[in-house]
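Student: I would like to go through the labels attached to this model and see what stands behind each of them.

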Amino acid sequence: MLAVAAACLPVFFTGYSIARWEGWLFLGGYAAYTAYLIMDATGHDALPAFSHVMLMFVLPLLAVTILVVALNSLRPPRRGNQR
């Protein structure tokens with residue numbers, strides 16, 4: 001629940017709108033979490049490897065993405081070329 005709340009922060013910063021790639025990112029996170037729950041419930045042999053990949057690669061990548069989106073939303077908007 002805390003991870004979902006943190007992932008939603010950029011959405012709140014950008015006026016409650018998300019880009020298509022951000023939507024895909026949320027969908028991918030949901031699919032990975034659902035896969036984890038299924039593997040955990042069935043005692044699948046791939047669960048330790050899946051958990052390791054999620055912790056060492058996917059979660060840091062998600063954190064960097066959230067940080068970049070949040071920082072971009074806090075910057076003032078660019079002005080067009082003025083002559």
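Predicted model: local features only at pLDDT ≥ 70, side-chain atom pairs only at ≥ 80, totals over all residues.

Student: What makes Leu9, Phe12, Phe13, Tyr16, Leu67, Leu71 and Leu74 a nonpolar patch on the surface?

Tutor: A patch of this kind joins nonpolar side chains (Val, Leu, Ile, Met, Phe, Trp, Tyr) within 5 Å, from residues with over 30% relative accessible area and no salt bridge, a salt bridge being a side-chain nitrogen of Lys or Arg within 4 Å of a carboxyl oxygen of Asp or Glu. These residues form such a patch, with about 770 Å² of accessible area together, an area that comes from the Shrake-Rupley method with a 1.4 Å probe. Residues are numbered from 1 along each chain as its sequence is written, and side-chain values use heavy atoms, with hydrogens and water left out.

Student: Why is phenylalanine 12 called partly exposed, and why is tyrosine 16 called exposed?

Tutor: Buried means under 20% relative accessible area, exposed over 50%, and partly exposed in between. Phenylalanine 12 has 44%, and is therefore partly exposed, whereas tyrosine 16 has 65%, and is therefore exposed. Phenylalanine 12 lies in helix H1, a helix being a DSSP run (H or I, at least four residues).

Student: How do you know that the buried residues of H1 are on the same side?

Tutor: Those residues are Ala7, Pro10 and Val11. They cover an arc of only 105 degrees around the axis, so they lie on the same side of H1, the arc being that of the directions from the helix axis to the C-beta atoms.

Conventions:
Patch = residues over 30% accessible without salt bridge, like charges linked within 9 Å, V, L, I, M, F, W, Y side chains within 5 Å. Helix = DSSP H or I, 4+ residues; strand = E, 2+ residues; numbered from the N terminus. Buried < 20%, exposed > 50% of the residue type's maximum accessible area, 1.4 Å probe, protein only.
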